[in-house]
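Please report on this protein chain.

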Amino acid sequence: MRTLIFSDTHLGRKFNKRQCNYLINLFSGFDQIIINGDFWDEKKISFDEFMASPWAKLFPILKAKKAIYIHGNHDPADKTDERVREFCDISCHYYKLRLPDGTMLHIEHGQNMSLLSVLSYKLFKKSPKFLKYITILVNFPLKYLQLALMYSGKKGIKITNKAMNYSYIKKGKKRNCILVMGHTHAIYFDIQSLYINTGFIDKNFASYLDIHDKDLALVRNYY
């Protein structure tokens, strides 16, 4: 049994053929698929548009794998409807997966696990347009700095990613299961700390969790 857990593809109105083909090839190699949030992005495309878009090429293979779809902050449940069943068998806010050796994984996108994240998201949704634009302008260089560090593979990315995941790592240590998250886009893999962040699949970079029976591996590559 081979399971794929991925998050943060942020599929939008602009169709990326390379990303789509990469995902189709990736999905075909697994028996079970868990989408851990931000599959599509409500800031880039409406749910109606997404369901009718070229991204629908992904749906049959996800449905054939009986995919599990966990909602994130960019693809919230209240923005979707029963049509999610076209690409998944189960839609939920978190999912627990027990491995053959008894290890339990708690899989959740992560936007509701940090008080700062919850407050910032609520404030962002209710804030005036000009404040949203300022937030976007501030986040833009930070996002691409993170991406540059990701591509570089330098030691700095480990320090940066640990800082970005710090509050979530603390939560992982308090559990008796491994917390598997997305949300921050900051790759992190530490079984001893009971915490994994699968990163993202976007901008020609891909990271995801590959589970083969009881063995877990965080994979990173380019497309």
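## Ground rules

Buried means under 20% relative accessible area, exposed means over 50%, and partly exposed lies in between (1.4 Å probe, protein chains only). This is a predicted model: local features need pLDDT of at least 70, side-chain atom pairs count only at pLDDT 80 or more, and totals for chains, interfaces and linings use all residues. Residues are numbered from 1 along each chain as its sequence is written, and side-chain values use heavy atoms, with hydrogens and water left out.

## The chain as a whole

The protein chain has six helices and 12 strands. Both are DSSP runs, numbered from the N terminus: helices are H or I with at least four residues, strands are E with at least two. Of the chain's 223 residues, 48% count as buried.

A contact means heavy atoms within 4.5 Å. Take contacts between residues at least 6 apart in sequence: 64% of them join residues at least 24 apart.

## Two nonpolar cores

A nonpolar core is a set of buried Ala, Val, Leu, Ile, Met, Phe, Trp, Tyr and Cys residues, joined through side-chain atoms within 4.5 Å. The largest one holds 31 residues. Within this core, F39, F50, L58 and F87 touch the most other members. Two or more residues each come from strand 1 (2–6), helix 1 (17–28), strand 2 (32–36), helix 2 (47–51), helix 3 (59–64) and strand 11 (205–212). Helix 1 gives the largest share, five residues.

What does F50 touch, leaving out residues up to four places away in sequence? The list is L11, F39, W40, I45, W55, F59 and F87. Another core, of 15 residues, lies apart from the largest one. Its members include L105, V180, L209 and I211.

## Salt bridges

Side chains of opposite charge can pair when their charged atoms come close. A salt bridge is a side-chain nitrogen of Lys or Arg within 4 Å of a carboxyl oxygen of Asp or Glu. By this rule there are eight salt bridges.

One of them joins D89 and K63, at 2.9 Å from N to O. This pair links distant parts of the chain, 26 residues apart: D89 sits in the loop between strand 3 (68–70) and strand 4 (90–92), and K63 in helix 3. D89 is partly exposed, at 33%.

K203 and D202 also pair, at 3.2 Å. K203 is partly exposed, at 27%, but D202 is buried, at 11%. K214 and D215 meet at 3.7 Å. K214 is partly exposed, at 44%, and D215 is partly exposed, at 47%. Salt bridges that share partners join D48, D81 and R83 into one network.
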